[in-house]
Amino acid sequence: MTTEMNAIPPHAVPASEVSVVAVRIPSGDDTLVGELHLPPGGGANGRVPGIVVAGSWTTVRQQMATVYARRMAEAGFAALAVDFRHYGDSGGTPREFESPEHKIADVQAMAAWLAGHPRVSAGGV
């Protein structure tokens, strides 16, 4: 039995066709580190909608966000998975410091960066 969550969209691409690009995004005085998962091709102009995939509190992107980003790229989206400040490969001290204000600013920085990417549809984040 296939659940809705596991259903493959009709326009899905094989995982082998998804490209992954390392990214560094400024946020405050620090740098966010992660990757952009891109499907092949795109619409008539090569652009696709973009999604910021944020992990849960106190996690690094490899624990959750990267898995979902790959799946979103397979479904035709440009999906950005980045470590929040103070976690994983991203900058920020002290390490493993929970700051709701920083996380909000980080998501805003990710969304702005993704909206300016040449493969992302205008207004498509």
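## Exercises on a predicted model

Glu-35 sits in strand β2; helices (H or I, at least four residues) and strands (E, at least two) are DSSP runs, numbered from the N terminus. Before we start, note that this is a predicted model, where local features need pLDDT of at least 70, side-chain atom pairs count only at pLDDT 80 or more, and totals for chains, interfaces and linings use all residues. Residues are numbered from 1 along each chain as its sequence is written, and side-chain values use heavy atoms, with hydrogens and water left out.

**Exercise 1.** Work out whether Glu-35 is buried or exposed, and find the residue whose side chain makes a polar contact with Glu-35.

*Solution.* Begin with the cut-offs: buried means under 20% relative accessible area, exposed over 50%, and partly exposed in between (1.4 Å probe, protein chains only). Glu-35 has a relative accessible area of 11%, so Glu-35 is buried. Next, look for a polar contact, which is a pair of N or O atoms within 3.5 Å; within protein, one must be able to donate a hydrogen and the other to accept it, and residues adjacent in sequence count only if both atoms are side-chain atoms. The side chains of Glu-35 and Thr-66 form one at 2.7 Å. Finally, list contacts (heavy atoms within 4.5 Å). Beyond four places in sequence, the residues touching Glu-35 include Val-21, Val-23, Arg-61, Thr-66 and Leu-80.

**Exercise 2.** Describe how β2 pairs with β1 and with β4.

*Solution.* Two strands pair if DSSP finds at least two bridges between them. First, β1 and β2 are antiparallel, with 9 bridges, and Ser-19 faces Leu-38 of β2. Their hairpin has 2 residues between the strands, and Gly-28 there adopts a positive phi near 60°. Then turn to β4: this strand runs antiparallel to β2 over 4 bridges, with Val-82 as the bridge partner of Gly-34. As for burial, 7 of the 9 residues of β2 are buried.

**Exercise 3.** Find the largest nonpolar core and the elements that supply it.

*Solution.* A nonpolar core is a set of buried Ala, Val, Leu, Ile, Met, Phe, Trp, Tyr and Cys residues joined through side-chain atoms within 4.5 Å. The largest has 14 residues, and those with the most contacts inside it include Val-23, Leu-36, Leu-80 and Met-110. At least two residues of this core come from each of β1 (19–27), β2 (30–38), β4 (78–82) and α2 (100–115). Apart from it lies another core of 5 residues, among them Val-53 and Ala-65.

**Exercise 4.** Which residues of α2 are buried, and which exposed residues lie on the face turned away from them?

*Solution.* The buried ones are Lys-103, Asp-106, Ala-109, Met-110 and Leu-114. They span an arc of only 125° around the axis, so they fall on the same side of α2; the arc is that of the directions from the helix axis to the C-beta atoms. The opposite face carries the exposed residues Glu-101, Ile-104, Gln-108 and Ala-112. The cover over the buried residues includes β1, β2, β3 (50–53) and β4.
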